[in-house]
Amino acid sequence: MELFLLSNGKVADDAPLLGYAHPQLHAMIAQRGITSAVLVPYAIIRGDHAQRAQDLSASLGIEVRTVHEFASPVAAIEHAELILVSGGNTWFLNQMLHEHGLIVAIQRAVRERGVPYVGWSAGCNVATPSIRTTNDMPVRSSVVLPALGLFPVQINPHYLDAHVSGHMGETRDERLAEFCAVNPHESVIALREASFLHVSENRLRYYSARGEDFKVFRHGEPIAAYHDVLAIQSLVPFSCQPA
């Protein structure tokens, strides 16, 4: 199983999409001889799905087609060499995955056929057991929480621990601590911008383009920051390796 779970898609407006993960993504594409990818763009509510596919094609150097270009979304995944799941609204994305029968289709593609999965932001969220640690609003009245479960630990992408002057609401740390209090047997990995987790051949690595840490939230324990995934070996079934 090969997973790229990215906190975000870009580090700047003029940067190429997924640019900060280019070394690892291009190496994977070359090693596997991948020539095309299928984009699952449901999280993009106000943007142009076709344009997102074009941007990814230019960034990755392969042909990228959206699921809409196939006879059915399931058929798209069944023919995919590489699965790309875009950021956007996590709630809407997860609902569409369920409604279009893509949960099982993606699980089988990744786990049984070894198709690589690249998800950023919302696409990262849905790769975990559920979307309960997303930052997004539930924009539809029909709410579905269980997700793909490809990665066994909840992730909070776009993590930010800055304190905004004048903001009187709960901080991200407080919200994630609340999640762990309500779900004391679960942990949350918080990924800062321009960072990602990479699972390949049962090995887990962490990368940060800015050299920053990731945080781990556990009930009854201090919030901990790490640069090395060896610190979370007990949380995952993968062999944790330094980047």
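Is Val 153 buried or exposed? Select Val 153 and you'll find a relative accessibility of 5%, so Val 153 counts as buried (buried is under 20% relative accessible area, exposed over 50%, partly exposed in between, with a 1.4 Å probe and protein chains only). Before you click on: this is a predicted model, where local features need pLDDT of at least 70, side-chain atom pairs count only at pLDDT 80 or more, and totals for chains, interfaces and linings use all residues. Residues are numbered from 1 along each chain as its sequence is written, and side-chain values use heavy atoms, with hydrogens and water left out.

**Around Val 153**

Val 153 sits in the loop between α6 and β6 (helices are DSSP runs of H or I with at least four residues, strands are runs of E with at least two, numbered from the N terminus). Leaving aside neighbours within four places in sequence, show its contacts: Thr 128, Pro 129, Ser 187, Val 188, Ile 189, Leu 235 and Val 236 (contact means heavy atoms within 4.5 Å).

Now colour the open sheet of eight strands, in the order β3-β2-β4-β5-β1-β8-β9-β12 with mixed pairing (two strands pair if DSSP finds at least two bridges between them). At the edges are β3 and β12 (239-240), each pairing on one side only.

Zoom in on β2, residues 36-40: five of the five residues are buried, so the strand is largely enclosed by the rest of the structure. In a regular strand the side chains alternate between the two faces of the sheet. Here Ser 36, Val 38 and Val 40 cover one side, Ala 37 and Leu 39 the other, and all are buried.

On one flank, four bridges join β2 to the parallel strand β3 (residues 63-66), and Ala 37 stands opposite Val 64. With β4 (residues 83-85), β2 pairs in the parallel sense over three bridges; look for Val 38 opposite Ile 83 and Leu 39 partnered with Leu 84.

**Helix α4**

Next, select residues 90-99. Eight of the 10 residues in helix α4 are buried, among them Trp 91, Phe 92 and Met 96. The cover for the buried residues includes β2, β4, α5 (102-111) and α6.

**A patch on the surface**

Switch to a surface view and pick Ile 45, Met 137 and Val 139, a nonpolar patch with about 330 Å² of accessible area together (Shrake-Rupley areas with a 1.4 Å probe, only the protein chains shown counting as cover for residues). Patch residues have over 30% relative accessible area and no salt bridge; like charges are joined within 9 Å, nonpolar side chains (Val, Leu, Ile, Met, Phe, Trp, Tyr) within 5 Å. Met 137 is exposed at 67% relative accessibility.

**Charged pairs**

How many salt bridges does a search of the whole structure find? The search gives 11 (a side-chain nitrogen of Lys or Arg within 4 Å of a carboxyl oxygen of Asp or Glu). Go to Arg 192 and Asp 213, with closest N and O atoms 2.8 Å apart. Arg 192 is in the loop between β7 (187-190) and β8 (195-200) and Asp 213 in the one between β9 (203-208) and β10, so the pair ties together parts 21 residues apart in sequence. Both residues are buried.

Finish by selecting the salt-bridge network that links Asp 161, Asp 173, Arg 192, Asp 213 and Lys 215.
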